[in-house]
Protein chains: 4
Amino acid sequence: MQYPEFGAGLWHFATYLDRYAVDGYGESRTTLEQIALAGTVKDLSVVDVPYPFTPGTTVDEVKDALKAANLRAIGVTPEIYLRRFSKGAFTNPDPKVRAEALDLMNEAGDVVRALGANYVKTWPGQDGWDYPFQVNHHDVWALAKDGLKELAVNNPDLNYVVEYKPREPRVKMLWDSAARSILGIKEMGVDNVGVLLDFGHSLYGGESPADAAQLLIDHGLLWGMDVNDNLRGWDDDLMVGTVHMTEVFEFFYTLKINGWEGVWQLDQFPFREDTVQTAEASIRFLKAIYRALETLDMEGLKEAQAAQDAITAQVLVQDALLSSMRGKDDE
Amino acid sequence: MQYPEFGAGLWHFATYLDRYAVDGYGESRTTLEQIALAGTVKDLSVVDVPYPFTPGTTVDEVKDALKAANLRAIGVTPEIYLRRFSKGAFTNPDPKVRAEALDLMNEAGDVVRALGANYVKTWPGQDGWDYPFQVNHHDVWALAKDGLKELAVNNPDLNYVVEYKPREPRVKMLWDSAARSILGIKEMGVDNVGVLLDFGHSLYGGESPADAAQLLIDHGLLWGMDVNDNLRGWDDDLMVGTVHMTEVFEFFYTLKINGWEGVWQLDQFPFREDTVQTAEASIRFLKAIYRALETLDMEGLKEAQAAQDAITAQVLVQDALLSSMRGKDDE
Amino acid sequence: MQYPEFGAGLWHFATYLDRYAVDGYGESRTTLEQIALAGTVKDLSVVDVPYPFTPGTTVDEVKDALKAANLRAIGVTPEIYLRRFSKGAFTNPDPKVRAEALDLMNEAGDVVRALGANYVKTWPGQDGWDYPFQVNHHDVWALAKDGLKELAVNNPDLNYVVEYKPREPRVKMLWDSAARSILGIKEMGVDNVGVLLDFGHSLYGGESPADAAQLLIDHGLLWGMDVNDNLRGWDDDLMVGTVHMTEVFEFFYTLKINGWEGVWQLDQFPFREDTVQTAEASIRFLKAIYRALETLDMEGLKEAQAAQDAITAQVLVQDALLSSMRGKDDE
Amino acid sequence: MQYPEFGAGLWHFATYLDRYAVDGYGESRTTLEQIALAGTVKDLSVVDVPYPFTPGTTVDEVKDALKAANLRAIGVTPEIYLRRFSKGAFTNPDPKVRAEALDLMNEAGDVVRALGANYVKTWPGQDGWDYPFQVNHHDVWALAKDGLKELAVNNPDLNYVVEYKPREPRVKMLWDSAARSILGIKEMGVDNVGVLLDFGHSLYGGESPADAAQLLIDHGLLWGMDVNDNLRGWDDDLMVGTVHMTEVFEFFYTLKINGWEGVWQLDQFPFREDTVQTAEASIRFLKAIYRALETLDMEGLKEAQAAQDAITAQVLVQDALLSSMRGKDDE
């Protein structure tokens, strides 16, 4: 069977810390070590690379390491959420810090060029607020768009994707939903900014990820995606399919009927699990989803949906999904 | 002190039922009885009138009753969420039912004309879905906009406001947020459709109501609003200010700094409380909010917000809000 | 294959209304009509019967109807959540209403005796509060226990099961979780009160239903259960397995390893769907779950759990669950 | 006015990191620096001290520093949530790690003795699970109790308080609610284990903190508490009163009517704010709450609650709360 390309954020192969386990869930790993680890994952061919790299590591070294690991960089993610950006990157109240954020974005753009990647991934996790009355809502939203627009206009050869998320680390983030992201991009009036949809962000933001994907596709703005899972209350970044099998299936079904053909990426944080095994188990599940899409009665489902016949739709879906591990060893 | 005009959905003076108390929380009241009751509320001058009226009641009777009660109709709300619309009004899979929904909308438009009201309130509570895979997301969103656009184009003398809400009665509603509503209105390309922001819908949908109001104002689309309260997990339609005082205050602060001057409306469902007393206690609280806005250190707050100084902002807010019942009897 | 007994709340075959579709989602059905309808569901053998019946219907008629439909009553559910109990049944501030609640509970007890059912189902959906500061928390919790204890003591031949739920119709319910229910029952010090666990209530209350079931079993108090599904934010009463397949599977796995052998009941509200088809599609899914339990590598899973090895556990679970519709026609 | 004693977790004066701002929101501070900083907060007299201290710091140094800062230790919090405990402390699958957790708890007990503190604060944030099917629910709950019971039995001169929390860092924590905590303590059958209620944990766990406090008081188990605020979806540890003024007020009202007289503690994480100013603004608000309790019409409220009269209750509450900053400078 011809499966799609699978990818992962390179951070999938890092170690993590949080506000309690301040000594980290494991020994830290360098950029090059993470790449090497990613290279050992069966069926993984694409990564999204955070920037800056581990101090001292050059773009050329990263390039070589990717090649050695048989990996391609799909995007570069500038870390505009570290300490100096804790009150915002694009929306920081201090214009000097905003300028630093643009500088970092531009450096990341150069890395995109050097690696031949598709886009600069823009995830402004500190751009928002924590408290009622903390910000002037007009002003921060204007800042959020102004900086990104400036980058887009000044770098017409680059593509930018915004990854929206309802919150965390900021209590409330500005780019928080598919609709708001589309609206913001339209307000900027540029054509080299799109959206990367994270399944888990969409889910815990109260969206149906399938519906969000459709809306983005209808606006020509679904330029990337990644998947994972959670309990709908937080961005748990669990292994995809461990909680919401059916909605993962509906998400990929929506991509398929729209002819969307991109990389199926993972954005997971295996705090306490082996990162390579986590990736492999996740890809194993995604292959089952892919097989289920092959056996799904598309015509029957279309007809059921036209009548909003939820019962028939679910029966067809269960028939495909709950048989998707059958014959898995023949793949 | 010169307070703003206060209003309420006329259903505030109805009685209610739910899926458990199927015999209703009180004896049902006719449209005219509800108007009479609304008329007894101190400081209430505006109502939003559901349509159809109680069978047998004419528009002229409603007009007379409003006059007698010293009330003005700000809007008319067609009940496009009754049984026949249970699988959707604008998005019903049956074209005949969709046509019925438009008919009802048009009748409501005539009532708006007859009563000299401002808008047709459009709340498509059944337009959405319940299950994953139940609908084709492209198609239902297209239907949602097509019907409303047709109405807007055919009735250029009328204004329509969409009241978005994340869910209920449908498990998921299509018009679910401020951003999605703005986007849908832009997609329709008409200029007589705006938005009515319900504070509680915004809150439990994960928005900051102040931020949502600002976004709508920036797009020229905040054409109406109403307030209430809830526990952020459901549209409880509790008395305004009983849970989220500070965020109610921020919401009205945002309206004030934008020069928004409309009716302060209530959308509450006093299932188990006296409806008139509920309205009066709520208006009493809203007056305290209004007084707090008068004493709030606007300059200091502006400065704090420019620096994202949450502590100073909160201290200023508490000084005003927690003194707002002082001297209340001198009003 | 020898499947377990399947059951359903008789209300599964009723029609519904809510605060918006006040004319109801369908023509109302009598108790006897509901029983007849339940009788047509393939593989359904048990029902939970609400009381009072449709006015004019006698217990003998119900008995005969059940027999004719080849159904057995497992429990009787007194409707202690209708209008007169809107401020509470056991906890109503008016002692006269509390006495009426006990009367209704006693009548229901007589019906249990007449029908040879297992228990009086106690679901005090109006016992709680809506607003901060509305009740004295000590007093209402004392009332909640006092009334039920009085019933339990006075009717030693009967069993009572409390069905906990976080909220709805009351904004907050007193019997809201497994732990609180166990605690309350212990405080009462009676041995004929247990718990009925509703999968959806547990899920949207933030519990893991499997964990809640285990806790109840460890206290000897899991006397009944029913399943359905939701989006974790409300008691949507959707068809079981349409959202949370894996957690449904874990729930039944937990029952199996504890040797719990009772009826697999449905508590679903098919507002907009055919009730019989909904029940049949749900039972079809439950059979797949049952088959998955047969093929699950129990030893491997046990070992994985002892090491908290989530990856292996999920792989084993997916192997069983995602093959459970294989050969379904041979059943 | 004679205010209660105010306290704070010493971590209130630390700096923080999270999974994104891995370089931390500020330069790290030693235990002694944190104590010195706490000492500068007006009206703060009590702290809860994490253990281990900064490497090299002795108990005597801590003792001296507390004295110099005019502070008293109310409790000691062993950090049983660092890397080695990432799959659990009491419930770790590895018996060696469980033994290490007990060792750390015992060391903390010695510090309690040395500092003359009231209790060992037990917050097993890693004791739980992340995935469905990851653990055997009976076994982990048994482990959770066994270890704590062993400590309690072996250290009869010490008191232990469990601080429950629904989740984080583990996706699901075992000690997750007031009711479950009481139940677990009863199952252990010891009398030197109680509960510390964190207002924010209670709130985002779906409890009413006032109700949870009452339940704990009724079982004689409310041995400590701390306050903060959040948006009900996560443990944001915001400044108390910035979101849920009314529920904070109800919480302290409940303590007052029960004659509960303990320290009013803060558990806040000022990631991006000045820690001392945050504490002072929070205490300023708590003083307003205290004043509001003095002016509240207790008799009127009692009467309203006896009738579940939410309107009157809210009016009385608003009268007191919304006047609580009046005359604040005369304090």
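This is a predicted model: local features need pLDDT of at least 70, side-chain atom pairs count only at pLDDT 80 or more; totals for chains, interfaces and linings use all residues.

Mentor: Residues are numbered from 1 along each chain as its sequence is written, chains are lettered from A and ligands numbered from 1 in the order in which they are written, and side-chain values use heavy atoms, with hydrogens and water left out.

Trainee: Is B:S323 buried or exposed?

Mentor: B:S323 counts as buried because its relative accessibility is 8%; buried means under 20% relative accessible area, exposed over 50%, partly exposed in between (1.4 Å probe, protein chains only).

Trainee: What does the side chain of B:S323 reach?

Mentor: The backbone oxygen of B:D319, at 2.9 Å.

Trainee: And which residues is B:S323 in contact with, leaving aside neighbours within four places in sequence?

Mentor: B:Q318, along with D:L322, D:S323, D:M325 and D:R326. Contact means heavy atoms within 4.5 Å.

Trainee: Different topic. How many residues of chain D are in contact with chain A?

Mentor: 42 residues of chain D, with 42 residues of chain A. The two chains bury about 4,000 Å², and carbon and sulfur atoms give 55% of that. Buried area is the accessible area (1.4 Å probe) lost when two parts are put together, summed over both.

Trainee: How many salt bridges are there between chain D and chain A?

Mentor: The count is 12, a salt bridge being a side-chain nitrogen of Lys or Arg within 4 Å of a carboxyl oxygen of Asp or Glu. One of them joins A:E27 and D:R83, at 2.7 Å from N to O.

Trainee: What classes of residue does chain D put against chain A?

Mentor: 19 nonpolar, 7 polar and 16 charged. Ala, Val, Leu, Ile, Met, Phe, Trp, Tyr, Cys and Pro count as nonpolar, Asp, Glu, Lys and Arg as charged, and the others, Gly among them, as polar.

Trainee: Now chain C and chain A. How much do they bury?

Mentor: About 2,700 Å², 60% of it on carbon and sulfur atoms. Here 31 residues of chain C touch 31 of chain A.

Trainee: How many salt bridges there?

Mentor: The count between chain C and chain A is 2. A:R284 forms a salt bridge with C:D319, with the closest N and O atoms 2.5 Å apart.

Definitions and conventions. A polar contact is a pair of N or O atoms within 3.5 Å; within protein, one must be able to donate a hydrogen and the other to accept it, and residues adjacent in sequence count only if both atoms are side-chain atoms.
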